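Please look over the sequence and the model, then read the sections below alongside them.

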Amino acid sequence: MIDPLVASLKISSSGLRVQSQRMRVVSENLANVQSTGDTPGANPYQRKTITFKSEVDRALGANLVEVKNIGTDKGDYRIEFDPSHPAADENGNVKYPNVNTLIELADMREASRSYEAGLQMMVKSREMITRTIDLLRSR
């Protein structure tokens, strides 16, 4: 069996990995909030979503988190009237991505806080391992 402190490091690192991927997806969504289609009436960028799953690591005897899927949001596009826009259809409507900036910023904040919590967990585990090694050396 693996030492519980080493296992806690691996569990925390799996959380850091998925939260960094989550931040990448949210950043991509925010970067494309105004991206329209290339031609009149074409569909714009579709918001990406990320889902996680719990994966049992038998060697650790613990559950790790992994990315299950990076998909697309099937929600409706935002439509605005702008006949001068190059992507406007015959009615003057332009399709914009189904990205809500407020939701993306909330997701980014949550991912950032989860990442920070995982990082603090790793720091504490590492400190405990270092203290244990120091105690063993002093004998």
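A87 counts as buried because its relative accessibility is 3%, the cut-off being under 20%. The model is a predicted one, and in it A87 belongs to the loop that runs between β3 and β4.

Once neighbours within four places in sequence are set aside, the residues in contact with A87 are T36, G37, T39, P40, G41, N93 and V94. A87 and N69 are separated by 18 residues in sequence, and their C-alpha atoms lie 31 Å apart in space.

## The two strand pairs

Strand β1 covers residues 48-57 and strand β2 covers residues 62-72; the two pair in the antiparallel sense over 10 bridges. Within this pairing, T49 has G71 of β2 as its bridge partner. β1 and β2 form a hairpin with four residues between them, and in the turn G61 has a positive phi of about 70°.

A further antiparallel pairing joins strand β3 (residues 78-81) to β4 over four bridges. Here I79 stands opposite K95 in β4. Strand β4 takes in residues 93-96 and has a covered face, made of V94 and Y96, and an uncovered one, made of N93 and K95. In a regular strand, side chains alternate between the two faces of the sheet.

## Helix α1

Buried residues of α1 include A7, S8, L16, V18, R22, M23 and N29. The cover over the buried residues of this helix includes β1, β2 and α2.

S12 is another residue of helix α1. S12 has a relative accessibility of 7% and therefore counts as buried. Apart from neighbours within four places in sequence, S12 is in contact with G118, M121 and M122.

Helix α2 consists of 37 residues, 101-137, and reaches 53 Å from its first C-alpha to its last, close to the 54 Å expected at 1.5 Å a residue. At the start of α2, the backbone nitrogen of L102 has a side-chain oxygen of N100 within 3.0 Å. E104, A111, G118 and S125 are buried in α2, and α1 (4-31) is included in what covers the buried residues of this helix.

An unreviewed UniProt entry places the feature "domain: Flagellar basal-body/hook protein C-terminal" at residues 91-135. Over residues 91-135 the chain is 78% helix and 9% strand, with the end C-alpha atoms 76 Å apart.

Why does R47 count as buried? The relative accessibility of R47 is 14%, and buried means under 20%. R47 is located in the loop between α1 and β1.

The side chains of R47 and E104 make a polar contact at 2.4 Å. With residues up to four places away in sequence left out, R47 touches N29, G71, T72, D73, N98, V99, I103, E104 and D107.

Note on methods: Residues numbered from 1 in each chain as written. Predicted model: local features only at pLDDT ≥ 70, side-chain atom pairs only at ≥ 80, totals over all residues. Heavy atoms only, no water. UniProt positions renumbered as here; feature names shortened; annotations may be inferred. Expected span 1.5 Å × (residues − 1). Buried < 20%, exposed > 50% of the residue type's maximum accessible area, 1.4 Å probe, protein only. Contact = heavy atoms within 4.5 Å. Polar contact = N/O pair within 3.5 Å; in protein donor to acceptor, adjacent residues only side chain to side chain. Pairing = 2+ DSSP bridges.
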